Amino acid sequence: MVYVLGIESTAHTFGVGIIDSKFNILSDARSVLRPSGTLGIDPGEAAEHHSRVAVNVLLEALDKANLKLKDIDIVAFSKGPGLGPALRIGATLARGLAFKYNKPIYPVHHGLGHIELTVHLTNMKDPLVLLVSGGHTAILAFNEGRWRIYGETLDITVGNLFDSFARRLGIGFPGGPVIERMALKGKRYIELPYNVKGNNVVFSGLLTHATDLVDKYNKYDLAYSLQETAFSMLVEVTERALIQTDKKEICIAGGVASNNRLFNMIKTMAEDHGVKVGRLEGDLRRLNGDNGVQIALLGLLYYEAGTPATDLDKTFVYQRIRVDEEDVPWRM
Amino acid sequence: MENVVVGFVNKGRLIHKGAEANIYLLDYMGEATVLKIRVRKKYRDKSIDRYLVRSRTYKEAYVLEVAEKLGVPAPRLIYASINGGILIMSYIGGEILRDLLLHNMLSEKEKEFIFRRLGMYLSRLHNNGITHGDLTTSNIIISGKKELYLIDFGLANLNSSDEEKSVDVEMFERVLLSTHTGEAGKLFRWFIDEYVRYIENPDEILRRYRIIKRSGRYHAQKS
């Protein structure tokens with residue numbers, strides 16, 4: 001049996017996940033930063049948090065998996081995209097482990113981890129993927145060796161949109177779940193800017209407009225209207241991409257996949273096309289948020305596809321790196 | 001009139017089921033026409049649905065009329081019901097540019113002619129404040145005589161800023177790169193060459209185009 005340890009540190013979450021080569025999840029340890037200020041995440045504060053909790057999270061993961069460090073066969077870490085100072089904490093820990101125990105190391109793309117984890121756990125063959133989180137908002141399908149982007153946000157992500165709006169209401173991270181609960185109490189739709197450009201969405205005007213209205217309208221109606229507008233935009237571009245790619249399955253991945261309203265809207269749209277929709281359900285739902293398991297899974301997939309491990313002096317981190325720049329040898 | 005149109009649908013033949021609208025081929029008073037109905041989407045709030053169906057039908061009808069005045073080839077508008085989300089337009093027989101390119105059915109000369117013409121037509125729309133909003137090779141029909149017609153103006157903007165015009169150009173380039181990867185550079189150069197020749201304030205639009213090109217989400221920062 002091969003054991004893979006994955007380290008996640010792109011943004012709020014420092015996570016360590018351990019899986020075996022049959023993709024049994026042995027542990028998923030995490031510590032999530034709750035930003036102290038009102039301006040959202042501060043890269044320095046995130047790095048400080050991650051370096052403080054790193055060893056404990058690592059030990060917790062090993063303990064739950066009932067393994068020792070020397071039992072680990074492969075080390076993987078999030079190389080980006082994300083906050084530079086935060087990424088470096090995960091990368092440094094990964095390099096240290098790989099060096100000390102002389103194990104192969106794989107720097108992997110965080111967003112690709114969300115995609116592959118969800119596609120694997122929902123048992124989908126060749127889906128259209130709606131990736132919705134704080135770091136990504138994109139519609140992808142696998143084509144000629146890579147996950148190609150068929151539509152995406154041209155500015156902020158839907159996770160950013162909810163978190164920023166929530167902060168304006170004095171709600172901490174993550175804002176999405178609170179907005180979802182508030183929206184259930186909304187009764188009236190307040191007109192907000194709806195901005196679709198081709199297969200792409202633009203959210204910044206929506207955010208500005210909604211935050212400007214906070215003191216003028218009922219906040220439950222606003223939460224409802226914000227969510228309805230943003231999700232209608234996302235479902236519209238997903239439907240466009242669905243028709244262009246002619247896929248038979250849709251998979252929703254990332255933190256915002258937990259939102260039931262989004263899931264039901266996508267399902268309603270998909271029924272018209274006879275298309276199946278999947279996301280992580282039940283206990284697996286916690287894996288929608290950033291975690292080390294999604295990183296470990298990619299480590300395993302590269303290893304099994306025969307991709308050589310990366311030389312330690314080439315294990316860089318990247319603040320900006322696109323999913324469609326990553327080769328996906330296990331799907332070829 | 002709407003009931004009459006709905007009656008026509010039964011006689012019409014569904015030729016395309018898009019994400020937004022259904023397209024029927026229809027004999028309308030002896031003329032071959034296309035009936036486009038924007039369908040109600042069950043997944044979204046009724047007010048959003050009503051707003052989108054109305055505003056897009058209105059924009060499309062408006063642009064079709066302006067295009068005719070500007071000499072930009074597009075279907076001729078015959079009938080519009082803004083509230084009903086219904087348009088009847090003249091039928092353009094031909095092939096979708098995307099398919100002709102992918103199946104390599106155009107000569108180099110024809111391609112150059114089409115993309116240069118497209119640059120000229122888009123500049124005419126832009127100079128009159130109209131951006132297409134969804135310019136792709138799927139939204140261009142090439143007739144049997146190898147003339148090009150622009151279609152699908154539902155995402156158009158009728159009062160566009162320079163920024164929106166440069167977004168139109170940049171998104172079109174991205175479509176070329178993703179759909180027609182091998183010849184995208186060549187096609188785009190023909191297009192932009194002619195576009196720049198006719199567009200008002202080309203410098204400002206090109207400047208913004210370069211900024212947008214660099215600023216997509218997670219595009220590597222190149223110095």
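B:Asn104 is exposed, with 8 other C-beta atoms within 10 Å. The model is predicted. B:Asn104 sits in the loop that links α3 (97–102) and α4 (108–127) of chain B. Its phi is near 55 degrees, a positive value in a residue other than glycine. B:Asn201 also has a positive phi, of about 40 degrees, although it is not a glycine. The loop between α6 (184–198) and α7 (202–214) of chain B holds B:Asn201. B:Asn201 is exposed too, because 11 other C-beta atoms lie within 10 Å, and the cut-off for an exposed residue is 12 or fewer.

Chain B is split into domain 1 (2–90) and domain 2 (94–214). Their C-alpha centres lie 23 Å apart. The contact between them takes 14 residues from domain 1 of chain B and 14 residues from domain 2 of chain B. On the domain 1 side, the classes are 10 nonpolar, no polar and 4 charged residues.

Chain A is also assigned two domains. Domain 1 of chain A covers 3–114 + 287–331, and domain 2 of chain A covers 126–279. Between the centres of these domains, taken over C-alpha atoms, the separation is 26 Å. In the contact, 21 residues of domain 1 of chain A meet 22 residues of domain 2 of chain A. The domain 1 side of this contact consists of 6 nonpolar, 10 polar and 5 charged residues.

The two chains touch each other. Chain B contributes 21 residues to this contact, and chain A contributes 22 residues. Two helices of chain B, α2 (46–70) and α5 (162–179), each supply at least two residues of the side that touches chain A. The most comes from α2(B), with 3 residues. By class, the chain B side has 9 nonpolar, 7 polar and 5 charged residues.

Helix packing was examined within chain A. Two packed helices are described by the angle between their axes and the distance between the axes. Helix α4 (residues 158–168) of chain A packs against helix α6 (residues 204–212) of chain A at an angle of about 15 degrees. The axes of these two helices are 10 Å apart. The limit for a roughly parallel pair is an angle under 35 degrees, so α4(A) and α6(A) are roughly parallel to each other. The crossing of α4(A) past α6(A) is right-handed. On α4(A), the residues in this contact are A:Leu161, A:Ser164, A:Phe165 and A:Arg168. They meet A:Leu206, A:Leu207, A:Ala210 and A:Thr211 of α6(A). The contact of α4(A) with α6(A) comprises 5 nonpolar, 2 polar and 1 charged residues.

A:Gly159, A:Phe162, A:Phe165 and A:Ala166 form the α4(A) side. The α5(A) side is made of A:Gly176, A:Val178 and A:Ile179. This contact divides into 5 nonpolar, 2 polar and no charged residues. The bond from A:Phe173 to A:Pro174 is cis, with omega near -10 degrees. A:Pro174 lies in the loop between α4 and α5 (176–184) of chain A. The bond from A:Gly80 to A:Pro81 is cis as well, with omega near -5 degrees. A:Pro81 belongs to the loop between β4 and α2 of chain A.

A:Gly82 is placed in the loop between β4 (74–80) and α2 (84–101) of chain A. A:Gly82 is buried, because 28 other C-beta atoms lie within 10 Å, and the cut-off for a buried residue is 20 or more. In sequence, A:Gly82 and A:Thr10 are 72 residues apart. In space, their C-alpha atoms are 4.5 Å apart. Leaving aside residues up to four places away in sequence, A:Gly82 touches A:Thr10, A:Ala11, A:Leu87, A:His110, A:Gly135 and A:Gln319.

Notes. Residues are numbered from 1 along each chain as its sequence is written. Chains are lettered from A and ligands numbered from 1 in the order in which they are written. This is a predicted model: local features need pLDDT of at least 70, side-chain atom pairs count only at pLDDT 80 or more; totals for chains, interfaces and linings use all residues. Domain bounds come from an automatic or database domain assignment. Two residues are in contact if their C-beta atoms, placed from the backbone, lie within 7 Å. Ala, Val, Leu, Ile, Met, Phe, Trp, Tyr, Cys and Pro count as nonpolar, Asp, Glu, Lys and Arg as charged, and the others, Gly among them, as polar. Helices (H or I, at least four residues) and strands (E, at least two) are DSSP runs, numbered from the N terminus. Axes are lines fitted to C-alpha atoms, for helices over the stretch in contact, and angles run from 0 to 180 degrees between N-to-C directions. Angles under 35 degrees count as roughly parallel, over 145 as roughly antiparallel, 65 to 115 as roughly perpendicular and the rest as oblique. A crossing is left-handed if the near helix is turned anticlockwise from the far one by less than a right angle, and right-handed if clockwise.
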